[in-house]
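Visitor: Please take a close look at one part of this model. I would like the sheet and the helices around it.

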Amino acid sequence: MAILTTVISISIISGALALISVIADAFLNNYGECEISINDGDKKLKVDGGSSLLSSLSSRKIYIPSACGGKATCGLCKLQVISGAGPLLPTEEPYLTEEEREQGYRLSCQIKVKTDLVIKIPDELFNIRAFETTVASITQLTHDIKGLKLTLPEGESIKFKAGQYVQLHTKPYAKVKESVFRAYSIASVPSEQTAVELIVRRVPDGVCTNFVHEALNEGDTVTISGPFGEFYLRGDCTELVMIAGGSGLAPIRSIILHVLEKELDLNIHFFFGAVTKKDLYYLDEMGELADKHENFHFVPALSAPEPSDEWEGETGLITEVVDRYVENADDKEAYLCGSPGMINACLNVLGKKGFKEDVIFFDKF
Ligand SMILES: Cc1cc2nc3c(=O)[nH]c(=O)nc-3n(C[C@H](O)[C@H](O)[C@H](O)COP(=O)(O)OP(=O)(O)OC[C@H]3O[C@@H](n4cnc5c(N)ncnc54)[C@H](O)[C@@H]3O)c2cc1C
Ligand code: FES
């Protein structure tokens with residue numbers, strides 16, 4: 001009996017504490033209307049307090065680069081905050097240099113708008129827009145990769161550099177109630193400005209990739225914003241070494257199509273790595289481009305081909321293949337896109353060949 005009374009008492013106290021906490025939260029998080037003053041007062045926004053600075057700006061159609069959707073894992077949403085941000089959070093520390101901290105840079109996804117803020121936003125970010133696109137086609141490229149073609153509304157166009165990415169905004173689906181956004185590299189050529197192609201690899205339990213793979217259908221509308229990113233063609237050389245794994249083919253394909261379409265004076269060596277044949281895609285397209293263009297050399301490689309693959313191409317890790325083919329760094333730039341593990345291993349190989357940091361460009365995801 002005594003035990004039962006104790007259990008009931010504890011339950012009542014816990015319930016009361018939870019209720020107090022909910023009520024306190026409702027009061028404490030009611031920050032009212034706050035003003036965000038941008039670039040010496042050139043632009044002033046009135047927003048409801050309580051959301052992150054990143055979301056507050058995005059709700060007013062100012063799109064700050066973000067690849068992780070606000071989880072403090074990409075570090076791309078940095079902005080200079082002159083006042084109103086409060087102390088630096090531990091989640092921000094890994095992404096800010098000493099110099100950036102002194103200049104007031106912060107991760108906009110980690111700052112909650114609780115009071116008036118004074119911030120600076122680079123002018124070029126005001127050109128980034130959101131587009132309500134229509135899903136023109138969905139193609140199953142491999143067992144876990146889908147290709148999307150998204151057309152822009154009539155009369156609208158997107159200008160981007162080959163290699164850049166957009167953010168895809170999901171709608172609530174299944175048990176996922178909130179909308180999230182994630183970065184996807186544009187796989188199509190920049191001269192096509194009324195549609196973009198994306199390549200989306202499914203991540204187990206991933207919110208956005210399962211939205212694309214499970215909930216999105218041809219004819220649906222979906223919002224993208226962009227373009228973003230510093231991974232784009234420089235071309236201050238004569239040879240391009242391009243390395244991709246998995247969905248990392250997306251920005252590499254855009255750069256290859258751009259170089260070939262514009263007939264740029266660049267010799268491309270493209271290494272595409274996968275585990276087995278079922279993980280490879282766009283093989284026919286790349287093969288045809290290699291047949292047609294003398295300056296495009298395509299080397300697909302499998303690290304663990306199945307006997308049923310009847311694979312006659314290169315085998316081994318993509319690093320081993322690159323090591324065999326690329327002799328030196330003379331007059332070359334390298335463009336890499338794939339998993340962090342693949343990129344790190346490739347950086348190591350390229351470093352040994354003499355590639356300096358300023359001629360290597362990569363997107364890890
Ligand atoms: C610049 C940039 C460009 C990108 N371009 C592409 C692209 O062209 N195609 C593409 O498919 N993806 C791309 N990504 C990755 C993409 O933005 C998402 O991170 C990815 O699709 C997972 O989103 P999600 O919402 O499904 O997973 P989340 O719900 O964010 O994650 C669910 C779980 O999976 C883990 N996880 C997240 N991402 C991965 C991953 N890639 N592999 C394994 N586990 C993971 C998380 O840690 C988490 O535990 C890009 C990322 C960046 C930064
Ligand atoms: S959005 Fe990725 S760290 Fe802020």
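Guide: Helix α6 (residues 283-292) lies across β13 and β14. Its direction is about 145° to β14. Axes are lines fitted to C-alpha atoms, for helices over the stretch in contact, and angles run from 0 to 180 degrees between N-to-C directions. Contact means heavy atoms within 4.5 Å. Helices (H or I, at least four residues) and strands (E, at least two) are DSSP runs, numbered from the N terminus.

This is a predicted model: local features need pLDDT of at least 70, side-chain atom pairs need 80 or more, and totals for chains, interfaces and linings use all residues. Residues are numbered from 1 along each chain as its sequence is written, chains are lettered from A and ligands numbered from 1 in the order written, and side-chain values use heavy atoms, without hydrogens and water.

Now the sheet. It is open, with six strands in the order β15-β14-β13-β12-β16-β17 and parallel pairing. β15 (314-315) and β17 (360-364) are the edges; each has a single partner strand, so one side of each lacks a neighbour in the sheet. Strands pair if DSSP finds at least two bridges between them. Seven bridges join β13 (residues 267-274) to β14 (residues 296-302). I268 has F296 in β14 as its bridge partner.

Helix α5 (residues 249-261) lies across β12 (239-245), β13, β14 and β16 (332-338). It runs at about 150° to β12.

In helix α7 (residues 318-325), I318, T319, V321 and V322 are buried (under 20% relative accessible area, 1.4 Å probe, protein chains only; exposed is over 50%, partly exposed in between). The buried residues of α7 pack against β12, β13, β14, β15 and α8 (340-353).
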